[in-house]
Amino acid sequence: MSGFIDSLSGIALDLFPLIWSGIITGCLYALGALGLVMIFKCSKVVNFSHGNVAGFAAFLIYGFSSGMIFQLSWGAAVLLAIVAVVAIAFLSYAVISPLVFESDLTATIATLGIGLVVQGATLLIFGADIVALDLPVPRFSTSILGLRITGYDLTVLTVAVVTIGGLFFIIDHTKLGIAFRAISSNAFAAEVCGLNLRSVHIFAWVVAAILGVIGALLIVPTTFLSATTVAAFMLQAFAAAVVGGFASLPGSLIGGILIGIFMNLFTFYVSPEFSSTFLLGVILLALNIFPNGVLAKVGGTRV
């Protein structure tokens, strides 16, 4: 009996740190998922180039700050990389915009091509080597009720709250945000009322690109930077968007945190080798049980 109690005690001691770190990584998945949902809500296009573009931005920051391309301060490197990613977002939408109004499926397939081109450019410019990209965060840790909290954790939470709060403020309280909501609800009616669909689509693409850069910068310090690292991270973001519902921005937040916690628990208690299989299982299960996301009523059409 005492052995069973000790076992439960050990599980509890591991559980709370796992949930905490899952919430932290879940915030990053939520940032990536928000970018996917922003584009899907207004254009019905699933942007499969999201991860490759964010990864290219992370490599640009590395190149601009390490002396490989330029020797800039970290802040200047981030700003220049964001400008480059915004330009890529404009160019990407310019390429697929004729397809968006013809077939959202064709446009979605086109984003796969854009992603492969961006990944090829990353390999051509930076090679296939694994590099380290440090995030200038406060290096400290403290313990609260036995839970270890680091400067990285607080940085992720702060950046995520400020970024997501700012995005929701723009969507709820600005003319461009209101136009985004109108087109997301009924694109035809919004266009009849005089709204410019292409302007709102570009807004969504630009915001998604910036969210991808922020998510990539925050996830890289926990692993390493390679041509596939950020794209793999965006697979979890895609799962978060599916769980939350591709038509729900708040659902993306819930989905991101749930995926972060589930992935942590699975890799710790079961096996990290089958994490991709587990993630696919979560996606299939969510599509069957919550086809419109965990915040929507069961039923309706599937994504």
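Which residues make the nonpolar surface patch of about 630 Å²? They are M68, I69, F70, L72, L80, L124 and I125. Before the close-ups, note that this is a predicted model, in which local features need pLDDT of at least 70 and side-chain atom pairs count only at pLDDT 80 or more, while totals for chains, interfaces and linings use all residues. Residues are numbered from 1 along each chain as its sequence is written, and side-chain values use heavy atoms, with hydrogens and water left out.

View 1. Patch members have over 30% relative accessible area and no salt bridge; like charges are joined within 9 Å, and nonpolar side chains (Val, Leu, Ile, Met, Phe, Trp, Tyr) within 5 Å. A salt bridge is a side-chain nitrogen of Lys or Arg within 4 Å of a carboxyl oxygen of Asp or Glu. Accessible areas come from the Shrake-Rupley method with a 1.4 Å probe, and for residues only the protein chains shown count as cover. Look for I125 in helix α4, residues 104-126. Helices (H or I, at least four residues) and strands (E, at least two) are DSSP runs, numbered from the N terminus. With a relative accessible area of 43%, I125 is partly exposed; buried means under 20%, exposed over 50%, and partly exposed in between (1.4 Å probe, protein chains only).

**View 2. F56 and F126, an edge-to-face aromatic pair.** The whole structure holds 11 aromatic pairs. In the pair of F56 and F126, the centres are 6.4 Å apart, with 70° between the planes. Rings of Phe, Tyr and Trp (its six-membered ring) pair if their centres lie within 6.5 Å; planes under 30 degrees apart count as stacked, over 60 as edge-to-face and the rest as tilted. F56 belongs to helix α2 (residues 50-66) and F126 to helix α4, so their pairing ties together parts that are 70 residues apart in sequence. F56 is buried at 11% relative accessible area, and F126 is buried at 8%.

**View 3. F268 and Y269, another edge-to-face pair.** Here the ring centres are 5.0 Å apart and the planes stand at 90°. F268 is partly exposed, at 45% relative accessibility, and Y269 is partly exposed too, at 37%. Y269 is part of helix α10, residues 249-269. Its C-alpha atom is 9.8 Å from that of D14, although Y269 and D14 are 255 residues apart along the chain.

**View 4. K44 over the face of F40.** K44 is 6.0 Å from the ring centre of F40. A charge sits over a ring if NZ of Lys or CZ of Arg is within 6 Å of the ring centre and within 35 degrees of the ring normal. Ring pairs also link F40 with F48, F238 and F246 in a cluster. Find K44 in the loop between α1 (2-43) and α2, where K44 is partly exposed at 38% relative accessible area. What is the phi of K44? It is positive, about 60°, although K44 is not a glycine. Most residues other than glycine have a negative phi.

**View 5. T163 and its contacts.** T163 sits in helix α5, residues 151-173, and is buried at 18% relative accessible area. Not counting residues up to four places away in sequence, T163 touches L31, L211 and I214; contact means heavy atoms within 4.5 Å.
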